[in-house]
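Please open the model in your viewer and keep the selection panel at hand.

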Amino acid sequence: MTRTRPHTRWWRLVYWGCAIWTIAAATVAFAGLLTTPKRADLALVLGNTVTRGNRPMPRLEARLEAARALYANGGCATIMVSGGIYPLDHRNEAAGMKQWLVDHGVPSQDIEEDPYGDDTRASARHAEAWLAAHDKHSVVAVSQFYHLPRARLALRQAGAVDAGGAYPRRWFLRDIYSSYREALGYPAYWLQLDGALRRRHADIKASS
């Protein structure tokens with residue numbers, strides 16, 4: 001009886017691990033691609049990289065184009081731009097996003113600026129807080145297609161009414177890497193492991 005060599009077993013594990021990861025990434029990506037927006041009280045645009053002058057980089061600009069089109073077609077009454085502030089050089093994603101929308105015809109009064117959306121979970125909480133404060137309920141997520149399943153999950157977990165999502169029709173090579181990353185990010189959000197890790201990190205900082 002022939003025995004499987006240890007290194008052969010290891011390579012099989014690597015092969016099947018990569019295969020499962022690829023299937024998961026494709027599932028998340030296709031779920032995002034099949035997402036459509038419904039009429040909503042609020043459109044939440046998730047932040048991404050801006051330049052030192054707060055100008056949105058191409059992927060973020062693509063998200064803003066999708067949000068502007070959604071607003072122009074009556075898909076939402078208000079747009080929330082949610083992003084973080086860089087601690088080293090104070091770049092402000094939300095400020096840059098709002099300015100881009102204003103420059104492209106969206107009235108300033110219809111844009112809600114959230115400079116504390118450091119991650120998807122925080123952005124979802126802030127969107128739900130705005131909805132509750134204004135007696136509104138539904139929100140549509142705006143981001144790249146691979147990000148929409150996790151963003152919508154975070155919004156539902158925050159208590160908002162999920163009105164689907166909108167994504168840009170501009171594609172980037174990084175979308176492949178990001179789809180693989182979301183294959184890990186979605187189950188982490190579903191199990192709410194991100195919150196546990198954040199609390200653990202805060203406890204370590206407090207005790208140091």
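A salt bridge here is a side-chain nitrogen of Lys or Arg within 4 Å of a carboxyl oxygen of Asp or Glu; for charge, Lys and Arg count as positive and Asp and Glu as negative, while His and the chain ends are not counted. The model is predicted, so local features need pLDDT of at least 70 and side-chain atom pairs count only at pLDDT 80 or more, whereas totals for chains, interfaces and linings use all residues. Residues are numbered from 1 along each chain as its sequence is written, and side-chain values use heavy atoms, with hydrogens and water left out.

Glu-128 belongs to helix H4 (residues 120-133); helices (H or I, at least four residues) and strands (E, at least two) are DSSP runs, numbered from the N terminus. Which residues touch Glu-128, leaving aside its neighbours within four places in sequence? Display Ala-158, Gly-159 and Ala-160, which are in contact with Glu-128, contact meaning heavy atoms within 4.5 Å. Gly-159 follows helix H5 and has a positive phi, near 105°. Within H5 (residues 148-158), the buried residues are Leu-148, Pro-149, Arg-150, Ala-151, Leu-153, Ala-154 and Leu-155.

**The sheet**

Next, show the strands. An open sheet of 5 strands runs in the order E3-E2-E1-E4-E5, with parallel pairing; two strands pair if DSSP finds at least two bridges between them. E3 and E5 (161-166) stand at the edges with a single partner strand each, so one side of each is left without a neighbour in the sheet. Neighbouring strands are turned by 25° against each other on average, direction ignored; the axes are lines fitted to C-alpha atoms, for helices over the stretch in contact, and angles run from 0 to 180 degrees between N-to-C directions. Select E1 together with E4 (residues 138-142): 4 bridges join these parallel strands. Leu-42 stands opposite Val-139 in E4.

**Helix H3**

Move to H3 (residues 93-103), whose buried residues are Glu-93, Ala-94, Gly-96, Met-97, Lys-98, Trp-100 and Leu-101. They pack against E1 (40-46), helix H2 (58-72), E2 (76-82) and E3 (111-114). At the N-terminal end, Asn-92 caps H3, with a side-chain oxygen 3.1 Å from the backbone nitrogen of Ala-94. After H3 comes Gly-105, with a positive phi near 100°.

**Salt bridges**

Finally, turn to the charged side chains; the structure holds 8 salt bridges. In one of them, Arg-52 meets Asp-89, with the closest N and O atoms 3.3 Å apart. This pair links distant parts of the chain, 37 residues apart: Arg-52 in the loop between E1 and H2, Asp-89 in the loop between E2 and H3. Arg-52 is exposed at 69% relative accessible area, and Asp-89 is partly exposed at 26%.

Asp-89 also forms a salt bridge with Arg-91 (2.9 Å, N to O), and Arg-91 counts as buried at 18% relative accessibility.

For the last stop, select Arg-170 and Glu-61, whose side chains meet in a salt bridge (3.8 Å, N to O). Arg-170 lies in the loop between E5 and helix H6 (174-190) and Glu-61 in H2, so the pair ties together parts 109 residues apart in sequence.

Notes: Buried < 20%, exposed > 50% of the residue type's maximum accessible area, 1.4 Å probe, protein only. Polar contact = N/O pair within 3.5 Å; in protein donor to acceptor, adjacent residues only side chain to side chain.
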